[in-house]
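I opened my notebook to look through a structure piece by piece. Here is what I looked up, in the order I went.

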Number of protein chains: 2
Amino acid sequence: MRSTATGQPRTKPAEIRREELMDAAQALFLGKGFTETSVDEIVKGAGVAKGTYYVYFKTKDDVLAALRERFVARFLERLQTAADGHPPSDWIARFDRWIDAAVNTYLDERALHDLVFHQMRPTHDRLHQANPVVRDLEGLIAQGAQAGAWTADNAHLVAVMVFSAVHGAIDDAGESPGPSDRKRLVHAVQSFCRMGIGLPPAG
Amino acid sequence: MRSTATGQPRTKPAEIRREELMDAAQALFLGKGFTETSVDEIVKGAGVAKGTYYVYFKTKDDVLAALRERFVARFLERLQTAADGHPPSDWIARFDRWIDAAVNTYLDERALHDLVFHQMRPTHDRLHQANPVVRDLEGLIAQGAQAGAWTADNAHLVAVMVFSAVHGAIDDAGESPGPSDRKRLVHAVQSFCRMGIGLPPAG
């Protein structure tokens, strides 16, 4: 087969092909469920030949792992963009924005989050160790502490606790909180976490 | 069959029989795994007839649910006992002891915790809503705030965040931290959570 079902040229860059397969899989997993989706459906959704699928992925679990990686990368991107709205030395604003972006990104993408972390068990070694989002927060907390903006004797443990508090607060929020509920939630989480590192509550 | 395999009289109280089946199941689940354990082995371990098992449980999942319930009840008992070591009005000491007991009980029972929550997904509606341990903490936080010991505009959300911070810190701890590591962990968690509700860090 020299061309795909939708007539796209075979010369499409590999990275884009892979992304299209992932997009098709994500839509199907979210729509009808991971277990209920077949590779045939993913292939059809992406408009590629079945052989093309197997160039990139061996199993459906491989696709899910790729979606998880992409979810985390995009999450970190949004955190970075939020923090970059403030000068590097404005540590408190960067901390506030980190929490704001984390809460809102998570709430925006909850279905996807639940999908990609579906098969993860909430046991040790899984949620926190080597979690890139915790690592990102740990960097921010360590740097801010070094700059004297706040106190954190153990930046890693504090990052784990802030991340967990944020995550717990979001898990506890209703299915799709409206704008004012979100705002209240962000404010409460910011205040608790700010005070946890010796800052005054959010203004 | 008029008597059990170990010759125990049929007149043994139902509650004790049930507990013995649970104890046998727990030991087997922890030792060889939930999936790998058969009902026959549980029955043999408890020294009862198979029919007796089915008086109390329909499936292995029922046993696991009963073990989960017992885990939570015993967890709450330990928290209660810890808090009862202090006068009802000494809110800060009760808060400190709550965290201390939560960290240590969890670390003592981590394998059991992971077993009974094995099949729970870390998504919303599961970890926090209707979690009796969060409810217990929420009562403490609301009462302490009412007494003026600390600040918590939204006792439920603060309880969720404290619980999540405690849980996250423990998940992050190594496989079996020694006494001094445990002490440091308790101290760091107490300080973060104390400050989170406007108290000075742990002494």
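Before starting, I wrote down one term: a crossing of two helices is right-handed if the near helix is turned clockwise from the far one by less than a right angle. I also reminded myself that this is a predicted model.

**Entry 1: a helix pair in chain B.** I looked at helix H5 (residues 91-108) and helix H9 (residues 179-196) of chain B. How do they cross, right-handed or left-handed? H5(B) passes H9(B) in a right-handed crossing. Their axes come within 10 Å and cross at roughly 135 degrees. That angle makes H5(B) oblique to H9(B), because only angles over 145 degrees would count as roughly antiparallel.

**Entry 2: a helix pair in chain A.** Next I turned to helix H7 (residues 132-146) of chain A, which packs against H8(A) at an angle of about 125 degrees. The axes of these two are 8 Å apart. I noted H7(A) as oblique to H8(A), and the crossing of H7(A) over H8(A) as right-handed.

**Entry 3: H8 of chain A by itself.** I then followed H8(A) from end to end. This helix covers residues 155-172, which is 18 residues. From its first C-alpha to its last it reaches 25 Å, close to the 26 Å expected at 1.5 Å a residue. Is H8(A) enclosed or open? I found 17 of its 18 residues buried, so H8(A) is largely enclosed by the rest of the structure.

**Entry 4: the cysteines.** How many disulfides are there over all chains? The count comes to zero. I checked A:Cys193, and its nearest cysteine sulfur belongs to B:Cys193, 9.8 Å away. Those sulfurs are too far apart for a bond, because a disulfide needs the two sulfur atoms within 2.5 Å. A:Cys193 is buried, with a relative accessible area of 0%, and B:Cys193 is buried with a value of 0% too.

**Entry 5: a stretch with a record.** For chain A, an unreviewed UniProt entry lists residues 38-57 as "DNA-binding region". I looked at what the model shows there: residues 38-57 of chain A are 75% helix and 0% strand. The C-alpha atoms at the ends of this stretch are 13 Å apart.

**Entry 6: one valine.** Last, I looked for B:Val48. Where is B:Val48 found? It is in the loop between helix H2 (39-46) and helix H3 (50-56) of chain B. B:Val48 is buried, with a relative accessible area of 6%. I also noted B:Glu20, which is 28 residues from B:Val48 along the chain, while their C-alpha atoms are separated by 9.2 Å.

Key
Residues numbered from 1 in each chain as written. Chains lettered and ligands numbered in written order. Predicted model: local features only at pLDDT ≥ 70, side-chain atom pairs only at ≥ 80, totals over all residues. Heavy atoms only, no water. Buried < 20%, exposed > 50% of the residue type's maximum accessible area, 1.4 Å probe, protein only. UniProt positions renumbered as here; feature names shortened; annotations may be inferred. Helix = DSSP H or I, 4+ residues; strand = E, 2+ residues; numbered from the N terminus. Expected span 1.5 Å × (residues − 1). Axes fitted to C-alpha atoms, helices over the stretch in contact; angles between N-to-C directions. Parallel < 35°, antiparallel > 145°, perpendicular 65-115°, else oblique.
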